[in-house]
Amino acid sequence: MENTVKVRGRVGWQEDETTRLFTAVKEANASGAPLRSVFESLSDDLGRKPNSIRNYYYACLRQRPEAADLRAAPFTAFTPEETHDLLRQVLIARGEGRSVRSCVMQMAEGSHSRMLRYQNKYRTILKHRPEMIEAVRVELEREGLPCPPPDTIDRADSAFCDPDDAAAARLMAQPCVSHMLEGLKELLRRAARAEEALDLQRTIDRLHVQQDLRRLSWEKDFDEAVAHLESLMGLLRDFLALPRESQLPQLDIFRDAALDEVSRAESWLTKQRG
């Protein structure tokens with residue numbers, strides 16, 4: 001399948017952005033990384049919320065169902081030896097003042113999918129098995145190898161970013177820059193809230209439409225059931241309205257008509273249940 005899925009999305013999506021998205025999804029699937037990591041990693045690069053990227057991706061799949069095979073790539077689990085080696089290399093890099101990201105990029109030797117695989121594995125261990133990281137840190141400390149201080153292990157955000165150089169640090173310390181960034185953050189928060197509200201309204205509208213369709217279907221079924229019942233009641237009422245002396249001669253006619261109506265009603269019920 002080609003990397004580019006040409007499908008119209010919401011206004012603002014360019015073809016090169018769609019190409020980057022599906023290429024990243026393909027690489028993540030090849031490495032066994034979750035799709036969520038793709039949406040999060042592309043968020044800053046594309047200037048879009050992870051949820052917006054996710055919604056666009058699934059909108060593409062709905063319009064091009066054959067693109068769903070991107071999600072079916074095989075997953076290769078880490079062996080205990082690979083996990084231990086990954087933790088050693090990452091912690092040594094952090095002890096040397098480097099970030100997790102720079103370390104896994106070096107380990108991946110230019111492969112974006114392998115880099116994502118290493119990074120996501122470390123993130124998972126950092127979140128769910130911090131004791132494993134601490135054990136390897138102690139091991140490195142005993143061997144006299146570089147390792148980060150224990151009080152920095154749980155600083156997940158800073159662990160993935162290299163320190164800013166002096167010029168960038170001085171620039172970021174300027175009050176005007178700080179105010180500008182806060183203003184941008186507020187604008188992004190407002191845009192996110194507006195987009196989430198719009199997504200919620202669309203969901204509500206879709207549910208309303210589905211409910212209306214269900215109600216129309218129920219009303220149609222109800223009308224048909226009433227029609228069958230009224231037909232049976234009409235036959236019975238007309239027969240019972242005959243004088244007793246006239247009912248016996250008409251019994252065979254009544255029975256045949258009633259059997260036909262019951263058969264039609266049963267056929268309709270079988271169709272509804274199926």
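Which side chains meet in a salt bridge at 3.0 Å, N to O? Read on through these close-up views to find the pair.

This is a predicted model, in which local features need pLDDT of at least 70, side-chain atom pairs count only at pLDDT 80 or more, and totals for chains, interfaces and linings use all residues. Residues are numbered from 1 along each chain as its sequence is written, and side-chain values use heavy atoms, with hydrogens and water left out.

**View 1. R88 and E143 form a salt bridge.** Here are the partners from the opening question: the side chains of R88 and E143, at 3.0 Å, N to O. A salt bridge is a side-chain nitrogen of Lys or Arg within 4 Å of a carboxyl oxygen of Asp or Glu. R88 belongs to helix α4 (residues 80–95) and E143 to helix α7 (residues 130–143), so this contact ties together parts 55 residues apart in sequence. Helices are DSSP runs (H or I, at least four residues), numbered from the N terminus. R88 is buried at 18% relative accessibility, while E143 is partly exposed at 43%. Buried means under 20% relative accessible area, exposed over 50%, and partly exposed in between (1.4 Å probe, protein chains only). R88, E139 and E143 are linked in a salt-bridge network.

**View 2. E141 and R137 pair within helix α7.** Their side chains meet in a salt bridge at 3.3 Å, N to O. The two residues sit 4 residues apart, about one helical turn. R137 is buried at 5%, whereas E141 is partly exposed at 46%.

**View 3. R36 and E40 pair within helix α2 (residues 35–46).** This salt bridge spans 3.8 Å, N to O. R36 is exposed at 57%, and E40 is partly exposed at 44%.
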